[in-house]
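Me: Could you take me through how to read a sheet and a helix pair, starting with the general idea and then turning to the case at hand?

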Amino acid sequence: MKIDKEQLYKEAQTLQEELVAVRRELHQHPELGFDLVYTKALVKDKLLSYGYEVQEIGKCGVIVCAGGKKPGKTILIRGDMDALPITEEAEVDYKSRSEGKMHACGHDMHTAMVLGAAKLLKEHEDEIEGTVKIEFQPAEEIFQGSEDMIANGLLESPKVDAAFMMHVVAGIPMPSGMILVPGGGISTASCEQYHITVTGKSGHGSMPSAAVDAITAAAHIHLALQEINSRELDPFSYGVFTTCKFQAGDASNVFPETAQMWGTIRTVDKDNEVGAQIKKRMTEITTAIATAMRCEARVEFYDFCPAMITDEALSESARTYMKELYGDMVIDMAAINGGRPGGGSEDFAFVSHKVPTVGLYIAAGNSKEGYLYGQHNSKVIFDDSILHRGSAAYAYMALRWLQEHKK
């Protein structure tokens, strides 16, 4: 059965007002991690109104299935739901009402787009040559939601054969609605958090000989760790760690007992061998310098997310389908970044290590039109006029892939 892409897109356009309303409602009520009470309730209510049987999965995930009336494969499409612990500074009418929380990464956009896709797919259920599993995921920002849902059966019953996601990007010099398609291979970096605690001995600021200075030891550790990048890593590999938080003391005349550092490690090798090398050397350097300066040190690693693997065949299919739908408004990411992986991380990567996966990007704010800030910025504004385009892209990708990959 031929899929009428023009008709599908027209139907998506009729959803635009509803999608904007949903997105802005979510934007005003951002929630973090797995604590998505308001968000999950809204998502479930919408899905029930579309005629779905809703299944809760893991700590806070939601899935529904469209199709299943005809034999075929199963494709997974995902929208993530969580926000960031950022105080919003963007001047918009629908500003966050939750102090210290903001949808600064665009997950409110993703949730709205996938809800729109769910509605389209339900209305075209008789055309689905297999099954579309539709996922609403928590805790992407802390790299825990995807793994939790996989552990609780996300990729089973029915077994998932391919997976697809999209991510909005703002503050780039491209027309809103432009689709960016990565090539095969590693497309985003792995990420792991680290926390270093250096313990000395507290004392009065006037008597340094009676104290053991944790701040000085931590400062030496911070500087020494930079040598890993410049002197120990293969220059043709990508491995970077960044200390983004340094904390010590509460008074100007007291040596604190501890100094602490937090940061992330990112690499782009599939098996994370570079990451393992960095962690080994970080631990050795930290403990050695701490000992030399009469301190003790503890290095902890947590919240690991692997590098995202883009399946080459699925990437080629996505590029074909998106061009069918949007023509010249689709671009190969290699034309922008030379085919190099991005330094950001995405916890849908856990899925990509289990089944063929592709993650596209959709421009949602042209820097030439005043959308000046990118993701994770307190002033970022996303252009929600593209929501219907995202919904149509999700639905069309699922329909076309299942049509071309019948069992």
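**Reading the sheet and a helix pair**

Reply: In this predicted model, four strands form an open sheet in the order E10-E12-E8-E13, with antiparallel pairing. The edges are strand E10 (239-248) and strand E13 (296-305), each of which pairs on one side only, and from one strand to the next the twist averages 20°.

Me: How do strands of a sheet pair in general, and how many bridges join E8 to E12 here?

Reply: Strands of a sheet pair through backbone hydrogen bonds, and they do so either parallel or antiparallel. Here strand E8 (residues 191-199) and strand E12 (residues 258-267) run antiparallel and are joined by eight bridges; in one of these, His 195 has Trp 262 of E12 as its bridge partner.

Me: Which helices pack on the sheet, and which strands do they touch?

Reply: Helix H6 (residues 214-232) packs on the sheet and touches E8, E10 and E12, its direction making about 170° with that of E10. Helix H7 (residues 273-292) also packs on the sheet, where it touches E8, E10, E12 and E13, and its direction makes about 160° with that of E13.

Me: At what angle do H8 and H11 pack?

Reply: Helix H8 (residues 312-326) and helix H11 (residues 387-404) pack at about 125°, their axes being 9 Å apart, and that angle makes H8 oblique to H11. The crossing of H8 and H11 is right-handed.

Me: Which residues of H8 and H11 meet?

Reply: Among those in H8 are Leu 314, Tyr 321 and Met 322, and among those in H11 are Ala 392, Tyr 396 and Trp 401. The residues of the contact of H8 with H11 divide into eleven nonpolar, two polar and four charged.

How values were computed: Residues numbered from 1 in each chain as written. Predicted model: local features only at pLDDT ≥ 70, side-chain atom pairs only at ≥ 80, totals over all residues. Heavy atoms only, no water. Axes fitted to C-alpha atoms, helices over the stretch in contact; angles between N-to-C directions. Helix = DSSP H or I, 4+ residues; strand = E, 2+ residues; numbered from the N terminus. Parallel < 35°, antiparallel > 145°, perpendicular 65-115°, else oblique. Left-handed = near helix turned anticlockwise from the far one by under 90°. Contact = heavy atoms within 4.5 Å. Nonpolar A, V, L, I, M, F, W, Y, C, P; charged D, E, K, R; others polar. Pairing = 2+ DSSP bridges.
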